[in-house]
Amino acid sequence: MFPDNELDRDVIRPTVSERRCHIIDSIKHIDELRLLRSVYGDMLHVVGVYTPIELRVDRLANRASRGDDVYRLIDRDSGEELDYGQRVQDTFPLSDFFLRADKGTDSQLKARVKRFLDLMLGTRIATPTINERAMYAAFSAARNSACLSRQVGAALTNKAGSVISVGWNDVPRPFGGLYETTDAGESFDSDHRCWNVEGGRCFNDIEKSAIADAVVAKMVDKEIIAADKREEAYKLMRHDSQLRSLIEFSRAVHAEMHALLSAGAIHGSEVKGGKLFVTTYPCHSCARHIVAAGIEEVYFLEPYRKSLATKLHSDAITDRETDKNKVRIMPFDGVAPSRFLKFFSSHENGRKDSSSGAMKVRPAYPVTAITLEAIPTLEALAVRELQSTGLDGDASSVKGRQASEADAGDAK
């Protein structure tokens with residue numbers, strides 16, 4: 001902690017009569033977003049703007065200098081391998097609102113932006129779209145998972161848009177279904193999920209390590225590599241090869257498969273022509289079952305770099321929105337599940353005036369408003385931390401900011 005008099009020099013006192021909204025044009029690294037969240041909390045509103053790959057290529061090709069590699073620029077923007085590089089693929093899924101800037105008209109885009117502002121400021125009664133309800137169901141379903149790798153959720157809708165099943169990734173139990181907690185006071189003796197077996201180890205990782213060890217042992221035995229290079233070779237194979245990305249040895253049923261199995265048991269005739277909403281881009285294993293089941297569209301929140309879905313099934317799956325002759329896998333558009341309850345509960349205390357019976361007119365004010373008294377101190381602490389690491393070049397602009405009503409980020 002800093003002495004009171006030393007910290008006070010950096011504290012910017014907010015002007016009560018002045019209301020401000022700071023707009024940050026782009027956030028490209030997850031640590032930038034974490035820092036802003038730590039200071040502003042729910043007062044930070046991040047908009048994830050997505051443009052279809054074909055439009056990005058066309059626009060960059062028109063603007064790029066001679067010799068520039070358009071695809072290299074796109075790959076660099078999405079996620080460099082270096083820790084300090086741009087990592088938009090990690091940052092984008094943490095947005096509060098997703099906006100797809102496709103080939104629609106300007107009026108369509110403005111209407112969607114206005115809806116976000118109305119929701120954020122509580123100025124209009126708005127209810128969730130069919131897609132937003134489905135993605136929230138998928139997001140909620142993911143909370144059921146006890147997988148050691150990641151929690152994934154899925155929701156399947158029929159042609160009418162009604163959710164007919166949900167699923168999550170977890171270990172199957174005998175005679176159908178997945179292991180799950182049925183009662184808060186139940187014993188976990190019969191729960192054979194990975195967290196409760198052999199000290200809580202991922203079986204997929206165990207098998208991959210065994211494969212790497214066996215291959216390296218054979219290479220040493222055949223004198224392909226020297227014995228003193230065994231450990232180095234093992235690490236290379238285990239962590240820096242395609243073996244690292246294998247998912248075939250997991251005990252868990254994937255969320256997409258769980259949703260399809262559940263729907264097939266009860267609503268089998270409604271699966272064909274339906275839509276699947278998943279919190280993570282489908283893996284190549286699930287992709288073939290999605291195609292075979294007759295799903296028409298898949299919407300996802302988080303990219304999945306290891307997926308080979310479009311590579312292995314290019315004849316049946318596409319990520320191009322304009323190609324309607326294949327199963328389209330597209331990023332989700334609308335209110336993020338993490339903001340669902342807050343944005344759509346802004347009128348929970350009543351929507352009409354008790355005396356007149358007329359609809360209440362609510363002044364524009366962030367529905368996620370928090371007390372602002374602590375923000376100048378949090379800003380000063382953040383700046384001091386950046387200065388202590390030598391990253392004070394950009395910190396000076398933060399230091400001069402006053403507490404804001406809301407901040408908006410554009411994670412592209």
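Buried here means under 20% relative accessible area, with exposed over 50% and partly exposed in between (1.4 Å probe, protein chains only). This is a predicted model in which local features need pLDDT of at least 70 and side-chain atom pairs count only at pLDDT 80 or more, while totals for chains, interfaces and linings use all residues. Residues are numbered from 1 along each chain as its sequence is written, and side-chain values use heavy atoms, leaving out hydrogens and water.

Let's start with helix 7. Its buried residues are Glu132, Ala134, Met135, Ala137, Ala138, Ala141 and Ala142.

Now to the rings. Rings of Phe, Tyr and Trp (its six-membered ring) pair if their centres lie within 6.5 Å; planes under 30 degrees apart count as stacked, over 60 as edge-to-face and the rest as tilted.

| Pair | Centre to centre | Between planes | Type |
|---|---|---|---|
| Phenylalanine 92 and phenylalanine 98 | 5.3 Å | 55° | tilted |
| Phenylalanine 98 and phenylalanine 332 | 6.1 Å | 70° | edge-to-face |

Phenylalanine 98 lies in strand 3 (residues 97–100) and phenylalanine 332 in the loop between strand 9 (327–331) and strand 10 (334–335), so their pair ties together parts 234 residues apart in sequence. Strands are DSSP runs (E, at least two residues), as helices are (H or I, at least four), numbered from the N terminus. Ring pairs link Phe92, Phe98 and Phe332 into a cluster. Phenylalanine 92 is buried, phenylalanine 98 is buried with a relative accessible area of 2%, and phenylalanine 332 is buried at 3%.
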